[in-house]
Amino acid sequence: MKKFNEVELEPPKFYRTEGEVVRRFTRLSTLNFSVDANFYPLGSCTMKYNPKICDFISTLPGLRELHPMRIGEDSAQARTLRRILSELNEMLSDLCGFSSFSLSPAAGAHGELSGCLIIRKYHADRNDSIRNEMLIPDSAHGTNPASAAIAGFKVVTIKSGPTGCVDIDDLKRHLSNRTAGMMMTNPNTLGLFEERVLEICELVHSAGGLMYYDGANLNAIVGVSSPGAMGFDVGHIDLHKTFAVPHGGGGPGAGPIGVRKGLEDLLPGPIFSGGKMISPSRSIGKVIGFNGNVGALVRAWAFIKTLGSEGVERASRDAVIAANYVRVSLKDIYPSFVSERFCAHEVLLSAEKLKREKGINALMVAKALIQMGFHPPTIYFPMLVHEALLIEPTETENLETLDEFISAMRRIAELSLEKISKFPNNTIIRHPDEARAARNPVLKG
Amino acid sequence: MKYLPHDDFARRKMLSAIGASEEALFSNLKKSPVKLFPALSESETIDLISDLQIPLQEMESAFGVGNYFIPPAVDYIASRGEFVTSYTPYQPECSQGTLAAIYEFQTRICELTGLDISNAGLYDGATAVVEAIRMSCAVTNRKEILVARTVAPHIRRTIMTYAEPIGVTVKEIAFDHKSGMTLKKIEELSDKTACVVISSPNVFGVIEEGIKDIFCAAQKNNSVAVQIFNPLAVSIFPTPFESGADIAVAEGQPLGIPLSGGGPFLGIISARNKFLRRMPGRIVGKTVDADGKTSFVLTLQTREQHIRREKATSNICSNQSLMALRAVLFLGIMGKTGLSELARNLKKKAEIESNGKRIFSGEIFNEYVVRGKDGFILDYPELGEISLKGVAR
Amino acid sequence: MAKELLVPDNLLYTREHEWVLLLQNGNARVGITDYAQHELGDIVHVEMPEVEKRLEKGDTAAEIESVKSVASVYAPVTGTVVACNESLDPADVNGNPYDKGWLFEMSCDTTDGLLNPTEYRGIIS
């Protein structure tokens, strides 16, 4: 029997009417999990609630219809837009302990690439181009080494120590006069605060390198601490994570890049400051065609304005409390080598014990969660832990939801293998053959 | 704190389960106080930007982006929370909506360009050109690229930012000052040339009539032929496939995406099959599930950064997925006939409006160049004071 | 688990889970072991070495892609690539790793340093 929202997934050759388009895509939308409808504890993604005032602001006609080349003009609309983008620059700078931000990069990875280019130019301008190595922890997200490589750096991997944090001895072994810098995130991808971050920054600075902050995990610290205070020189923020810009099924986000005092000249223009647009004198150049993802930027501006400075700090604190609450409630069934320690805004658990005792692995846990209406956490990342489950509840989920998730995770551990292997059976498809999709790519209808 | 659900009772309950104080959780963080600013209400926030509630009412197009009409059904569907607030479709059972929409997007783009493959989108037109250049250098193992001077300045500047750090040399190809078209005979083609990049229509709005010959010469030289196309113009002019392009890239903003002062826009890329393993970004593929039903998944992920890391084809992770959804809605609502009708109307209007004022003799699509400062200033010192105008409606 | 995995007695092995079959003409035919294919999961693509490429023992010769990972195949001996399994179906690397799933052939001066089946079984148990 057909379900009420059953839809042919294969695209039609054409549509006869607008109604056919609306019918098809309305049904397609109901096949998605989303933050609006589901708990979405993806580690390192910060799937917090997306306030609708932010969406509303991005639809205002004076903004919507403004041509990018008119943003420098004297109209009331252009002036207002420059004013709020300048204010966003100021707020982000203050929150991150940096001096100025470029709002151009369209995503985190884009910000990382821009940051690497800034580091590159910094050394080149000082006739120190021998510095072509970028140090990156083995726990880092793949965008870090990819961005460094595209910026022309040689990637040098630094091991994580037994505690899950950067191995300082391994770092020292790899510092040299070829070190351009180091990319780090704090807390790291294991959800742990890097306790020796001040020392790490000092070591790299002494060797002549710059420190890059990957802002993916900023939601654990913003308002409490800042990358600037830790000693970082350059860093990006993921506005679609920390500052509630919606993920849109994969994008658009925004990855503004900030620098400490003394590096402002290197930023990619245009810089919005004091209501004006500035072209930095020693800029790395344009990193995107026009002005950046302005529609996302104004959403972040509205988010910060309605949260206030106290709210920004409270959000980070609640995010860390919530993650630790999930940690203590599940660490008996899903222990990992870090689950006995305080975590930051996300907790790294593991299904390894469950796999050993009952044959249930992380993938099965994920499928069972889908069956129960939860989007699964991040699985099999970071690779330092087998059967990894990286859970980030965020600060916007109420206690009832957290408890529901915890009890679902506990129930899963009691399920029979036979039952789990059939999950999910309440979604439109089940266990798609990914090997076949890669072996025989069919990429269009 | 309208987004934060926990009250002190809830916090105490959680901290008691954790067995620590709130301060203990943050004990090894260096504190850094921030400037205090109040939380505004929603209406106060809107009041701060009341000027943005009034449209400028300019119906223009320039540099390939403009105030094109967006069918209301595009906004209607693209604002559904299930599309807006969902994540990257890494878990296929949770995201067939997004995956089916992107698969359809890839399908439509290939229909527009006539080429074999596409992807889930890139940041914008300019960075899409950069990705095409990266692909070309990787495939040919060469480090010199030829870029037509008629490619828009903002694109050429973006190329320069990424080319220099990896030792790629950029040479410009000259254009004819009468017609506004790139010269057909390219002196600079050599065994170092990775690719030739031509925009048609180009920044002057002019259709590059010699594009087929230029691409032919490029391919004889084992260089990659890259065309920057316009997603509306392509319905009434030769497709990139017909022009002999290997890779076609475009700015997708005209396809139902608002200007918003500069973005988010949509980078479109399409290519011949042989570039499949070098394609950047996410790609949706069709497969079957355990019950034999048609399903969609992100595929060929071993190209991407989360697996290949420093050897990835690109560093791109987040893309402009919601904009790709807008584009596929736009293309579905307009249909092939609607699209070519729109393109023809824009062309006609531009030709009438610019009659006697255009400085170039070449055929135009919907944008054109005039003497003086009437439109958007164009930075070509060799042409004197010129500016760009265009019609979007 | 290791006991169920095939380790044919007529082959030589490396620590990196490649197998070597010495052909009549003195060349070495190379593939990956049952253990390796099991660890990798469903294999979707193989990037072959170029014919006539000179490889030192231990150089990256080929790359094997599964759905979610990439693994390097290293040259088990020093020599020159003479042939690749052009018609390889990636699924055969899983199903027939020692037979239809062979990857490439290279010239081979010496088999010194390769492991015999017993030594290899010792590594994977």
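Visitor: How many residues of chain B are in contact with chain A?

Guide: In this predicted model, 147 residues of chain B are in contact with 163 residues of chain A, where contact means heavy atoms within 4.5 Å. Residues are numbered from 1 along each chain as its sequence is written, chains are lettered from A in the order in which they are written, and side-chain values use heavy atoms, with hydrogens and water left out. Local features need pLDDT of at least 70 and side-chain atom pairs count only at pLDDT 80 or more, while totals for chains, interfaces and linings use all residues.

Visitor: And what area do they bury between them?

Guide: Chain B and chain A bury about 13,600 Å², with 63% of it on carbon and sulfur atoms; buried area is the accessible area (1.4 Å probe) that two parts lose on being put together, summed over both. In chain B, the residues that lose the most area to chain A are Tyr3(B), Leu52(B) and Glu93(B), together 7% of what that side buries.

Visitor: How many salt bridges does the rule find across the interface?

Guide: The rule finds 13 salt bridges between chain B and chain A, each being a side-chain nitrogen of Lys or Arg within 4 Å of a carboxyl oxygen of Asp or Glu. In one salt bridge, the side chains of Asp403(A) and Lys13(B) meet at 3.8 Å, N to O.

Visitor: Which helix gives the most to chain B's side?

Guide: That is helix H6 of chain B, residues 96–113, with 11 residues on the side that touches chain A; helices (H or I, at least four residues) and strands (E, at least two) are DSSP runs, numbered from the N terminus.

Visitor: Changing topic, how many cavities are there?

Guide: The count comes to 10 cavities of 30 Å³ or more. A cavity is a set of points on a 1 Å grid over the protein atoms alone where a 1.4 Å probe fits but cannot get out, and lining residues have an atom within 4 Å of a point. Grid points are joined across faces, edges and corners, and a volume is the space filled by probe spheres set on the points.

Visitor: What lines the largest one?

Guide: The largest cavity holds about 310 Å³ of space and is lined by 25 residues, with Phe63(B), Gly64(B), Ser199(B), Pro201(B) and Ile228(B) nearest its centre. H7(B) supplies the largest share of that lining, 3 residues.

Visitor: Which helix gives the most to the second largest cavity?

Guide: H7(B) gives the most to that lining, with 4 residues, and the second largest cavity has about 90 Å³ of space. Its lining includes His110(A) and Leu113(A) as well as Leu122(B) and Tyr123(B).

Methods: On a 1 Å grid over the protein atoms alone, a cavity is a set of points where a 1.4 Å probe fits but cannot get out, and a pocket is an open set with protein on both sides within 12 Å along at least five of seven lines; lining residues have an atom within 4 Å of a point.
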